[in-house]
Amino acid sequence: MIDWNDIRVFLAVARAGTTLAASRELKVSQSTAARRIAALEQALGLELFDKRPAGYAMTDAAGALLQTAEQLEAAAGAFEASAAALARNLTGTVRLTTNSVFANTLLANGVAEFRQAYPQIRLELIAGDRWLDLAAGEADVALRAGRAPTEAGLVGRRLAYDRWSLYCARTYADAHGVPQTAEDLARHAVLTVDEAFPKTELVRWVDANVPASAIVLRQNNIGGLLTALRSGLGVSAMSDFIARDEPDLVYCFTPPIENQPEVWLITHERLRRTPRVRAVMDFLAGFYAGRSLRHPA
């Protein structure tokens, strides 16, 4: 198979007349240019240049091939230009998956601003509690709360440490005050998750520090818990990452919990350099950078 780079050297030598001038144009050594001409001649079984002390003179065979080589050069240039245009325009569809709460809270503003920055990229948002299989192509990018991805082929960026704190609605705070310690929770209406919810460290902390008599509602999902919290029904633990965009929530205090979850933006390694996927990853990483570092009190 003929190497396209050898044809580039052939054209440069044919135009310049010497391997020295061609090597300067191509930014390679003169010996490399001469070696590539020899390799091309061997591959074609033709002598392309009459090597004279004053330079390289094209043979009749080279003259016959010159126009075809120039056509190949034009086609390669058009290919590169088309690829560059696609990269600049950043067109296409990216399927973004996350849980229902993130979809309805965090991504609302982020997606709107992304559309302004990249109007030619169409986002398909897939919300649900099941983690889609990125390796199988069920989605292109995932926004997840948890730990670093361990599945083969997945790559990601940690957006934040997802600290959880106690919050209440402003209407609740006006009517009942704001708890400041774990002991205060016994005198408040507390919202929490039901027994089917995974036993995270935070859930165990609530179980250990809140008497059953103070719990007025148990929910089986975070979305329902957030809705009840917004309504002013009581006090509940909630992600700082989510609460930051909830102006009507009042910060109470942060439980002494170690090993808080993290928020990750994940894709498959085969897509990480695809321009439209990279644009989504870079934009969302910048949009959400440091969100949990400044407390939304």
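## Helix H1 and its ends

Just after helix H1, Gly17 adopts a positive phi of about 90°, in a model that is predicted. The helix itself covers residues 4–16, and its 13 residues reach 18 Å from the first C-alpha to the last, close to the 18 Å expected at 1.5 Å a residue.

The buried residues of H1 are Asp6, Ile7, Val9, Phe10, Leu11, Ala12, Val13 and Ala14. Of these, Phe10 is buried and also belongs to an aromatic cluster, in which ring pairs link Phe10 with Phe49 and Tyr56.

## The sheet that contains S12

Five strands, in the order S4-S3-S5-S12-S6, make up an open sheet with mixed pairing. Strand S4 (121–127) and strand S6 (154–161) stand at its edges, and because each has a single partner strand, one side of each is left without a neighbour in the sheet. From one strand to the next, the twist averages 20°. Helix H6 (residues 106–117) lies across strand S3 (92–98), S4 and strand S5 (141–146), and runs at about 165° to S4.

Strand S12 (residues 262–268) pairs with S6 in the antiparallel sense over 7 bridges, and with S5, again in the antiparallel sense, over 6 bridges. Elsewhere in S12, Glu262 is the bridge partner of Gly146.

## Burial of S12

How many of the 7 residues of S12 are buried? The count is 7 of the 7, so the strand is largely enclosed by the rest of the structure. The side chains divide between two directions, with Glu262, Trp264, Ile266 and His268 pointing one way and Val263, Leu265 and Thr267 the other way, and all of them are buried.

## The sheet that contains S10

Another open sheet of 5 strands has the order S9-S8-S10-S7-S11, and its pairing is mixed. Strand S9 (215–219) and strand S11 (249–253) are the edge strands, each pairing on one side only. With direction ignored, neighbouring strands of this sheet are turned by 45° against each other on average.

Strand S8 (residues 190–193) and S9 run parallel and are joined by 4 bridges; Thr192 has Arg218, in S9, as its bridge partner. Helix H9 (residues 222–230) packs on this sheet, where it touches strand S7 (164–169), S8, S9, strand S10 (235–239) and S11, and its direction makes about 130° with that of S10.

## Aromatic pairs

The count of aromatic pairs comes to 7. In one of them, the rings of Phe114 and Tyr118 have their centres 5.0 Å apart and their planes at 35°, so the pair is tilted, given that planes under 30 degrees apart would count as stacked and those over 60 as edge-to-face.

Are Phe114 and Tyr118 buried or partly exposed? Phe114 has a relative accessible area of 1% and is therefore buried, whereas Tyr118, at 24% relative accessibility, counts as partly exposed.

Methods:
Residues numbered from 1 in each chain as written. Predicted model: local features only at pLDDT ≥ 70, side-chain atom pairs only at ≥ 80, totals over all residues. Heavy atoms only, no water. Pairing = 2+ DSSP bridges. Axes fitted to C-alpha atoms, helices over the stretch in contact; angles between N-to-C directions. Contact = heavy atoms within 4.5 Å. Expected span 1.5 Å × (residues − 1). Buried < 20%, exposed > 50% of the residue type's maximum accessible area, 1.4 Å probe, protein only. Phe/Tyr/Trp six-rings, centres within 6.5 Å; stacked < 30°, edge-to-face > 60°.
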